[in-house]
Amino acid sequence: MVLTEISSVKSFGGWQKVFSHESREVGCTMKFGVYLPPQAEDKKLPVIYWLSGLTCSEANFIEKASAQRYAAQHGVILVNPDTSPRGLEIPGDSESWDFGVGAGFYLNATQEPWKKNYKMHDYITKELIDLVNSNFNVVVGQQSIMGHSMGGHGAYVIALKNPGLFKSVSAFAPICNPTVCPWGIKAFTGYLGPKDTGKWEEWDATELVKKYNGPILELFIDQGTADQFLSQLNPNNLMEACKDAGVPAILKQRDGYNHSYFYIASFIGEHIEYHSKHLN
């Protein structure tokens, strides 16, 4: 599949690039960022995927997270896709900030008019990873995943639904139990239909961890205590489910930090170091 390079900027000895391509999974032009540290010129490197939150595009993480410094330090490639299909003009896709464009929730929709294009889970697992493996100097299979808010939800769900695909997973302020919070209820109703269909639990990390059966996977949960959306996130629900299921989990609470990229930038280095240990 052909990649079109949109931009390339030197950063910490490597290159921060943005590419576009025509996606077979979501049926539109998609963009994603790739940070290639200086080590990528000489050898194959592991990859860390980043999934962004509501309202974001691929640009937010690239411009605000300050992650390139740490990727260069640890010799890892960073890949961050957009958060939804764009430019399709599906009726209702731009009416609210927490549903539709910029709010794909990293699931596969089953309801009209969303099910044809809103397949962000398949986009990540069946298309983006193959594109990265085919076009960049990576160690195939040596990959981890992390995200923020809606993207934290996506990182956990993708890791839990695809045992062994990722060496490690972490999230900043993740939506841990979307079936019981307003953001999740709105998105799941629209994309998946009524709750009684039984489809919601397939995309909820707190529910998925209860039946996880795969290689040991530790869930790293990072949460600011001053997060203005804490009532939506429910990290304790996920921690309790992990404990009951015997799935290892870490909850780090950051005193005084909110939901913003100031918080992410403060601790992104710790997350990249965490994943690097699992990848190397």
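**Questions about a predicted fold**

Mentor: Start with Asn117. This residue sits in the loop between strand 5 and helix 3. The model is a predicted one: local features need pLDDT of at least 70, side-chain atom pairs count only at pLDDT 80 or more, and totals for chains, interfaces and linings use all residues. Residues are numbered from 1 along each chain as its sequence is written, and side-chain values use heavy atoms, with hydrogens and water left out.

Trainee: What makes a stretch a strand or a helix here?

Mentor: Both are DSSP runs, numbered from the N terminus: a helix is H or I over at least four residues, a strand is E over at least two. By that rule the protein chain has nine helices and nine strands.

Trainee: Why is Asn117 called buried?

Mentor: Buried means under 20% relative accessible area, exposed means over 50%, and partly exposed lies in between, with a 1.4 Å probe and protein chains only. Asn117 has 10%, so it is buried. Across the protein chain, buried residues make up 57% of the 280 residues.

Trainee: Which residues does Asn117 contact beyond its neighbours within four places in sequence?

Mentor: Contact means heavy atoms within 4.5 Å. Asn117 is in contact with Glu25, Val26, Gly27, Pro85, Leu88 and Ile90. For the whole chain, take contacts with a separation of 6 or more: residues 24 or more positions apart account for 72% of them.

Trainee: What makes Phe105 stand out in its phi value?

Mentor: Phi is near 60 degrees, a positive value in a residue other than glycine. Most residues other than glycine have a negative phi, and most peptide bonds are trans. Phe105 is in the loop between strand 5 and helix 3. At 0% relative accessibility, Phe105 counts as buried. Ser149 also has a positive phi, about 55 degrees, and is not a glycine. Ser149 lies in the loop between strand 6 (138–148) and helix 4 (150–161), and its 3% puts it in the buried class.

Trainee: How do you know that the peptide bond between Glu112 and Pro113 is cis?

Mentor: Read omega: it is about 0 degrees. Pro113 is in the loop between strand 5 (77–81) and helix 3 (120–135).

Trainee: What makes the Thr179 and Asp204 pair a polar contact?

Mentor: A polar contact is a pair of N or O atoms within 3.5 Å; within protein, one must be able to donate a hydrogen and the other to accept it, and residues adjacent in sequence count only if both atoms are side-chain atoms. The two side chains meet at 2.7 Å, so the distance passes the 3.5 Å limit. Thr179 lies in the loop between strand 7 (169–172) and helix 5 (182–192). At 6% relative accessibility, Thr179 is buried. Beyond its neighbours within four places in sequence, its contacts include Phe188, Trp200 and Glu201.

Trainee: Why is Glu273 not called buried?

Mentor: Glu273 has 35% relative accessibility, so it counts as partly exposed. It is found in helix 9 (residues 261–279). Its C-alpha atom is 8.7 Å from that of Ala71, 202 residues away along the chain.

Trainee: Where is Ala249, and how far is its C-alpha atom from that of Lys43?

Mentor: Ala249 is in strand 9 (residues 249–254). The two C-alpha atoms are separated by 33 Å, with the residues 206 apart along the chain. At 26%, Ala249 is partly exposed.
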